[in-house]
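Please keep the sequence and the coordinates in view while reading.

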Amino acid sequence: MPKVLPAVFSYEDMKRKWSQDNPDEEPYTRRSELESGRYALDKWVIRVDDEGKTIATIGWKEHPSHTVVGGLLATKEGSEIGNNTRALTEAREPQLNQSKPLVAAFGHREGDNTRWIQNAKDNLWTFPDDDNWEQVKTLLPESVLNDWLSQYPEIMAIRSISGKGELAKCIYLDDPIPEWFNVLKVYNEAGRKSQ
């Protein structure tokens with residue numbers, strides 16, 4: 001059964017494990033502008049398969065006023081297994097400073113970025129086009145906010161740390177549970193109507 005390793009890896013150690021475990025996959029990379037500055041991530045958690053091979057990873061970096069999160073990527077096997085976002089987020093969240101807001105930019109490597117952003121909004125991330133943006137943006141110092149908006153004016157988002165109960169309610173694009181949940185919900189509703 002896949003699991004998230006308890007260790008926190010550096011960026012270089014995570015990339016090394018990714019490559020050693022997956023010699024037939026592309027090495028883990030981030031665009032060069034993401035490897036330094038505002039979006040450099042220095043702590044990573046890794047999800048592995050039954051054989052201990054890396055199948056997915058996600059990172060973060062704590063700053064004095066906020067924590068930057070991102071870098072989610074799954075191998076081909078990890079994508080087939082699914083549920084990586086939920087497992088990695090649930091492992092990462094308790095390790096974050098609970099008093100600092102999270103900041104991220106939602107850009108999907110492939111696929112529909114609109115769906116990716118909507119999923120983030122459904123999971124309590126606030127974007128510049130949201131009604132409550134004016135209130136939420138005050139969680140960040142103006143210099144940090146302006147820096148992120150200058151690079152990611154439409155896809156940056158801010159979120160407070162979620163408690164365990166809030167995280168349990170989140171729906172992730174690679175999570176198979178929502179489909180089953182809807183089937184069960186329909187079945188349950190049909191059963192009530194027939195009584």
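Which residues does N22 touch, not counting residues up to four places away in sequence? They are K53, T54 and T75, where contact means heavy atoms within 4.5 Å. N22 is found in the loop between helix 1 and strand 2 (43–48); helices (H or I, at least four residues) and strands (E, at least two) are DSSP runs, numbered from the N terminus. With a relative accessible area of 7%, N22 is buried. Buried means under 20% relative accessible area, exposed over 50%, and partly exposed in between (1.4 Å probe, protein chains only).

The model is predicted, so that local features need pLDDT of at least 70 and side-chain atom pairs count only at pLDDT 80 or more, whereas totals for chains, interfaces and linings use all residues. Residues are numbered from 1 along each chain as its sequence is written, and side-chain values use heavy atoms, with hydrogens and water left out.

Six strands form an open sheet in the order 1-2-3-4-5-6, with mixed pairing; two strands pair if DSSP finds at least two bridges between them. Its edges are strand 1 (3–4) and strand 6, each of which pairs on one side only. Within the sheet, strand 3 (residues 54–62) and strand 4 (residues 67–74) are antiparallel and share six bridges, and G59 stands opposite G70 in strand 4. Strand 5 (residues 102–105) pairs with strand 6 in the antiparallel sense over four bridges; here L102 has R159 as its bridge partner in strand 6.

In a regular strand the side chains alternate between the two faces of the sheet. Strand 6 (residues 156–159) shows M156 and I158 pointing one way and A157 and R159 the other way, and all are buried.

Helix 1 lies across strand 2, strand 3 and strand 4, and runs at about 175° to strand 3; axes are lines fitted to C-alpha atoms, for helices over the stretch in contact, and angles run from 0 to 180 degrees between N-to-C directions. Helix 3 (residues 84–92) is largely enclosed by the rest of the structure, because seven of its nine residues are buried. Among them are N84, R86 and R92.

Nonpolar side chains come next. In soluble globular proteins, nonpolar side chains tend to be buried together. In this model the largest nonpolar core has 41 residues, of which Y39, F106, W125, W148 and M156 touch the most other members. Such a core is a set of buried Ala, Val, Leu, Ile, Met, Phe, Trp, Tyr and Cys residues joined through side-chain atoms within 4.5 Å.

Nine aromatic pairs are counted: rings of Phe, Tyr and Trp (its six-membered ring) pair if their centres lie within 6.5 Å, and planes under 30 degrees apart count as stacked, over 60 as edge-to-face and the rest as tilted. The rings of Y39 and Y152 have centres 6.0 Å apart and planes at 85°, so this pair is edge-to-face. Y39 lies in the loop between helix 1 and strand 2 and Y152 in the loop between helix 6 and strand 6, so the pair ties together parts that are 113 residues apart in sequence. F106 and W125 form another edge-to-face pair, at 5.1 Å centre to centre with 70° between the planes. This pair ties together parts that are 19 residues apart in sequence, because F106 lies in the loop between strand 5 and helix 4 (113–122) and W125 in the loop between helix 4 and helix 5 (133–136). F106 is buried at 12% relative accessibility, and W125 is buried at 8%. Elsewhere, ring pairs link Y11, W18, Y28 and W44 into a cluster.

Charged side chains complete the tour. The whole structure holds 13 salt bridges, each a side-chain nitrogen of Lys or Arg within 4 Å of a carboxyl oxygen of Asp or Glu. One joins K15 and E12 at 3.3 Å, N to O; both residues lie in helix 1 (residues 11–21), three residues apart, about one turn of the helix. K15 is buried at 19% relative accessible area, whereas E12 is partly exposed at 43%. K121 and D129 meet at 2.8 Å, N to O, and together with D130 they are linked in a network of salt bridges. K121 counts as partly exposed at 23%, while D129 counts as exposed at 58%.
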